Amino acid sequence: MQIDESWYKLYENLYGTEFNRFLTIGNTKIGYTNYNIRSLNEIKELIEENYPQNEFYISLYNYNTEENILRWGLNEMDKYEEYAEKNGILIRFKQNTDIIMEEITNLTDIQKFMFIRRSINLGFNKDIVEECSKIYNFFKTHFNIKGYPMFNGYDECLIYYRTNELKLSYPSLTCHNLYKLLKEKLELKTLLYENIEPYAQIVPLPGTQNSNSRLYTQLYFPEYSYEEIMLKGQEKFLDEEHLQEFDTSKDFEQFMKDIDNEIKNSENSRYNFDDIWDKL
């Protein structure tokens with residue numbers, strides 16, 4: 001069984017044909033293995049070898065270096081920031097799964113799967129869908145940019161925005177404060193940003209399957225209802241409309257630069273982003 005060929009067209013739109021990224025493959029039972037990948041063909045080869053029994057995660061950013069990024073240690077996080085190609089922002093919304101994990105502890109594999117799917121069908125993910133939609137509409141209204149929402153098949157909605165290459169003095173701090181500002185000002189509960197290294201993030205590879213729910217990581221249109229989004233996760237095929245060119249926004253890029261400048265010009269981490277926000 002192979003992934004539908006249309007997904008590779010999307011990967012080419014997202015990643016190009018040559019790059020320096022890493023791919024994580026595996027599942028909770030057997031563990032996960034990381035691979036340094038340099039081309040779209042290498043992604044194809046690894047998917048054909050490991051699909052669909054495993055989950056697939058890819059690094060959000062390309063790294064402009066000839067180094068093997070898998071050799072970087074946890075004490076070298078500055079390298080991720082230095083070499084990451086800063087041409088996009090990912091906003092993540094995570095549903096707390098503690099209750100589900102408690103309920104399925106003593107169940108068989110098939111019982112676990114059925115309980116998870118039933119929970120999803122009954123509205124388990126409504127908060128992350130609603131808040132992802134809130135961000136989509138906010139960015140469309142204030143920055144005139146359309147994001148690309150995605151459901152990971154289990155407990156997370158993600159929305160991706162393409163930008164031109166951002167030249168920032170404090171890229172990681174700027175990203176963290178962007179997320180923090182959005183969460184506070186828009187009163188979001190599920191936006192995930194703490195303990196995330198922005199330029200070392202990995203994201204589920206669209207079109208691949210989540211091992212907990214057996215739903216596919218799918219792009220969806222923001223006007224979809226909750227039920228439509230969850231149903232879309234049962235399909236392994238890509239809607240060809242998602243292959244449109246990514247757009248960018250000078251207004252959003254300037255917003256990021258304004259946050260960066262506030263960080264650069266502030267003393268003792270006493271940032272004041274109110275004026276920046278009020279200009280929107």
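This is a predicted model: local features need pLDDT of at least 70, side-chain atom pairs count only at pLDDT 80 or more; totals for chains, interfaces and linings use all residues.
Trainee: How do strands of a sheet pair?

Mentor: Strands of a sheet pair through backbone hydrogen bonds, and the pairing is either parallel or antiparallel. Here, strand 1 (residues 18-27) and strand 2 (residues 31-39) run antiparallel and are joined by eight bridges. Three residues lie between the two strands, which form a hairpin. Within this pair, Phe22 stands opposite Asn36 of strand 2.

Trainee: In what order do the five strands of the open sheet come?

Mentor: The order is 7-4-6-5-9, with antiparallel pairing. Strand 7 (191-192) and strand 9 (218-219) each have a single partner strand, so one side of each has no neighbour in the sheet.

Trainee: Which residue in strand 9 is the bridge partner of Met150?

Mentor: Leu219 is that partner. Strand 5 (residues 148-151) pairs with strand 9 over two bridges, in the antiparallel sense.

Trainee: Which strands does helix 7 lie across?

Mentor: Helix 7 (residues 171-185) lies across strand 4 (88-94) and strand 7. Its angle to strand 4 is about 45°.

Trainee: Now a single residue. Is Lys232 buried or exposed?

Mentor: Buried means under 20% relative accessible area. Lys232 has 10% relative accessibility, so Lys232 counts as buried. Lys232 lies in helix 8 (residues 226-232).

Trainee: With which residues is Lys232 in contact, leaving aside neighbours within four places in sequence?

Mentor: Gln218, Leu219, Tyr224 and Asp239. Leu219 has already come up as the bridge partner of Met150. By contrast, Ser266 is 34 residues from Lys232 in sequence and 46 Å away in space, C-alpha to C-alpha.

Definitions and conventions:
Residues are numbered from 1 along each chain as its sequence is written. Side-chain values use heavy atoms; hydrogens and water are left out. Helices (H or I, at least four residues) and strands (E, at least two) are DSSP runs, numbered from the N terminus. Buried means under 20% relative accessible area, exposed over 50%, partly exposed in between (1.4 Å probe, protein chains only). Contact means heavy atoms within 4.5 Å. Two strands pair if DSSP finds at least two bridges between them. Axes are lines fitted to C-alpha atoms, for helices over the stretch in contact, and angles run from 0 to 180 degrees between N-to-C directions.
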